[in-house]
Amino acid sequence: MKKPAAAGDALSLELKRSHRRARIKSQSPYWVMLIIPMLFFFLVRYWPMFGLSIAFQNYRIGDAFVSSHSRWAGLKWFQMLLKNPNFFRLVRNTLVLNILSILIAFPLAIGFALLLNEIRIRRFRNLTANISLLPYFISTVVIVAIIYNVFSVDDGLVNMILVKLGRAKINFLATSSWFRPLYIGSDIWQHTGFNAVVFTAAIAGIDPNLYEAAALDGSTRLKNIFYITIPCILPTIIIMLLLRIGSIMTVGYEKIILMYTPMTYEVSDVLSTYAYRAGLKDQKFSLSTAISLINSVVNVALLVGANRLTKKISDTSLW
Amino acid sequence: MHFQKTFGDRVFDFVVYFLVVLIIVITLYPLIYVFSMAISDPIAAARGDVWFLPVGINLTAVRKVLADPQVITYYGNTIWFTVVGTICGVITTSLCAYPLSRKEFLHRKLITKIVMVTMFFNGGIIPTYIVVGRFLHLYNSRWAIIVCALTTAWYVMISRSFFESLPDEIIESARIDGASEYRIFGQFVLPLSKPILAVLTLYMGVGHWNAYFNSMLYLSDRTKQPLALYIRSVVIQNTLSSALGNTEALTAAEILSALQLKYAVIIVSVLPMLVIYPFISKNLEKGLMIGAVKG
């Protein structure tokens with residue numbers, strides 16, 4: 001009885017082995033292809049995540065992220081932040097810039113997509129779309145450089161016009177009250193065309209029969225916008241709004257770092273720029289990381305929260 | 001079918017075209033102005049006579065920028081970052097996306113999750129800086145810039161969905177013919193994937209051409225820095241002396257053209273983009289929609 005069973009075992013073992021060998025052979029090319037990408041994701045994206053632990057340490061450059069020598073500091077940096085009167089200012093500025101952008105730039109992108117859709121001459125529509133996308137391909141540095149030149153207090157176009165009109169010169173880049181208009185304005189100039197693309201795509205997907213039926217009922221084009229186009233692209237609008245709200249605590253620090261001066265910190269200094277200065281200028285690595293950590297935790301919480309809310313209200317969801 | 005245009009329709013059309021023309025003017029005006037300032041007569045530029053089109057052509061400023069050996073170094077660096085970064089990026093992205101698009105790959109769900117997490121979480125500026133600069137010893141190395149921007153979860157996802165949309169029969173028949181997975185990928189899949197490769201090249205190329213932040217973090221050596229950092233120091237931090245080289249030997253004409261230099265630097269930097277743009281813009285929107293619809 002035993003022998004055949006053993007032979008059977010050996011056979012099935014052999015079968016399993018060859019199966020496994022075949023599987024490894026069929027799977028191995030995929031793993032070989034993934035070597036470089038996975039090295040990248042683990043080294044450059046995941047390794048720094050472990051580095052978030054330095055927010056709870058007195059980290060000094062040269063230390064490992066976590067080791068037996070780590071100087072743990074508990075919540076010291078977080079408490080320090082909450083006590084810092086400037087912390088409130090950072091949060092406020094971050095929120096104000098984002099809320100302004102959601103209230104002004106976001107609707108403008110939708111409006112621009114609707115406007116494009118109303119251009120009846122196809123060529124002209126494509127031309128307009130292409131021109132509106134052009135600023136997206138111009139770098140932040142160049143855009144800020146243009147702002148510096150055009151609004152320069154010495155020889156900028158705007159101040160020359162002011163002088164010709166007999167008004168006093170304004171040092172736009174060093175005046176707090178001008179920071180937000182310049183920041184949001186240039187953001188609109190650069191990104192409206194690009195942000196409209198997703199809405200244009202949604203509008204292109206609307207069933208043309210809807211418009212024909214409406215035309216038979218004597219509807220005007222203006223009415224069509226409000227009763228057909230906008231309701232049809234509402235899911236897209238909601239998703240884009242969700243993503244936008246999910247990043248309400250993040251401001252493009254790349255642009256602010258170029259645009260702000262200590263004179264305008266009152267309105268221009270945001271969490272991420274402060275984290276940048278604290279970390280790379282003052283070498284306070286732990287403090288800076290604590291800010292980044294707060295920032296991304298709030299972001300993820302907001303994204304999950306906003307997603308849940310819209311799921312309840314409208315059945316539209318990110319995941 | 002031909003509809004008689006009603007009065008309301010005409011008013012509507014008028015408003016639409018008025019707004020569109022206004023938007024086009026607002027979009028193009030700053031660029032035209034910068035261009036005009038750079039190539040106008042220096043005296044007219046300094047007096048504020050230039051407000052739209054160039055007044056008297058004078059290319060001294062542009063020539064000066066182009067003749068500056070420093071600018072040529074910066075320019076070369078930007079080109080190097082763009083070319084090497086885009087090639088490495090496109091290769092890495094497609095190598096990552098292809099296995100994730102194959103149903104035969106048993107661990108695709110796990111790997112997809114590993115990639116997706118990085119879309120929502122990251123280590124932040126400082127930990128990334130410590131890892132790349134210190135642990136990987138890439139501080140002051142050009143490769144720091146390439147490595148940091150190799151790919152993103154977003155690029156991988158749009159490429160994966162493109163690969164998934166390719167007809168399975170081609171891959172199956174190649175496999176029956178005995179082609180290895182590498183050959184299938186290289187000889188059958190990639191040639192069919194030109195649209196997505198073009199989109200990746202475009203996004204990454206533009207991204208590298210315009211990037212300045214990582215260079216600011218990792219590259220202290222001026223001879224390795226890209227043009228964007230030069231513009232930052234000349235225009236934004238206003239250190240014109242470095243652009244002019246020798247400050248003591250300034251002639252009156254040179255002082256006049258100092259203002260124009262700030263505009264000329266911008267033109268030199270955006271010109272390649274403006275020249276290429278009409279050629280890419282044809283397929284631009286289609287390309288962007290690949291990303292937009294999937295998102």
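The domain assignment of chain A, with bounds from an automatic or database domain assignment, gives domain 1 (2-56) and domain 2 (76-313). The C-alpha centres of domain 1 and domain 2 of chain A lie 44 Å apart. For chain B the assignment gives domain 1 (7-47) and domain 2 (60-291).

The model is predicted: local features need pLDDT of at least 70, side-chain atom pairs count only at pLDDT 80 or more, and totals for chains, interfaces and linings use all residues. Residues are numbered from 1 along each chain as its sequence is written, and chains are lettered from A and ligands numbered from 1 in the order in which they are written.

The predictor assigns the complex an ipTM of 0.85 and a pTM of 0.85. In terms of pLDDT (the predictor's confidence in each residue, from 0 to 100), chain A has a mean of 87, with 96% of its residues at 70 or more. Chain B averages 85, and 88% of its residues score at least 70. Confidence in chain B is lowest in helix H14 (residues 240-244), at a mean of 46, and highest in helix H7 (residues 142-148), at 95. Over residues 241-245 of chain B the pLDDT is below 50, and this stretch has eight contacts in the model beyond near neighbours in sequence. Where pLDDT is low, the predicted coordinates should not be read in detail.

Between the chains, 74 residues of chain B are in contact with 64 residues of chain A, a contact being two residues whose C-beta atoms, placed from the backbone, lie within 7 Å. Helix H15 (residues 252-294) of chain B gives the most to the side of chain B that touches chain A, with 15 residues. By class, that side of chain B has 53 nonpolar, 14 polar and seven charged residues (Ala, Val, Leu, Ile, Met, Phe, Trp, Tyr, Cys and Pro count as nonpolar, Asp, Glu, Lys and Arg as charged, and the others, Gly among them, as polar).

Within chain B, domain 1 (7-47) and domain 2 (60-291) meet through nine residues from domain 1 and eleven residues from domain 2. On the domain 1 side, helix H1 (7-39) and helix H2 (42-47) of chain B each supply at least two residues. The largest share of that side, five residues, comes from H1(B). Its residues divide into nine nonpolar, no polar and no charged.

In chain A, the axes of helix H3 (residues 85-118) and helix H7 (residues 176-204) come within 7 Å and cross at roughly 45 degrees. Axes are lines fitted to C-alpha atoms, for helices over the stretch in contact, and angles run from 0 to 180 degrees between N-to-C directions. H3(A) and H7(A) are therefore oblique to each other (under 35 degrees counts as roughly parallel, over 145 as roughly antiparallel, 65 to 115 as roughly perpendicular and the rest as oblique). The contact of H3(A) with H7(A) has 16 nonpolar, six polar and two charged residues.

In chain B, helix H4 (residues 69-101) and helix H11 (residues 194-210) pack at an angle of about 145 degrees, with their axes 8 Å apart. Residues of H4(B) including Gly85(B) and Gly89(B) meet residues of H11(B) including Gly205(B) and Trp209(B). The contact of H4(B) with H11(B) has six nonpolar, nine polar and no charged residues.

Technical notes
Helices (H or I, at least four residues) and strands (E, at least two) are DSSP runs, numbered from the N terminus.
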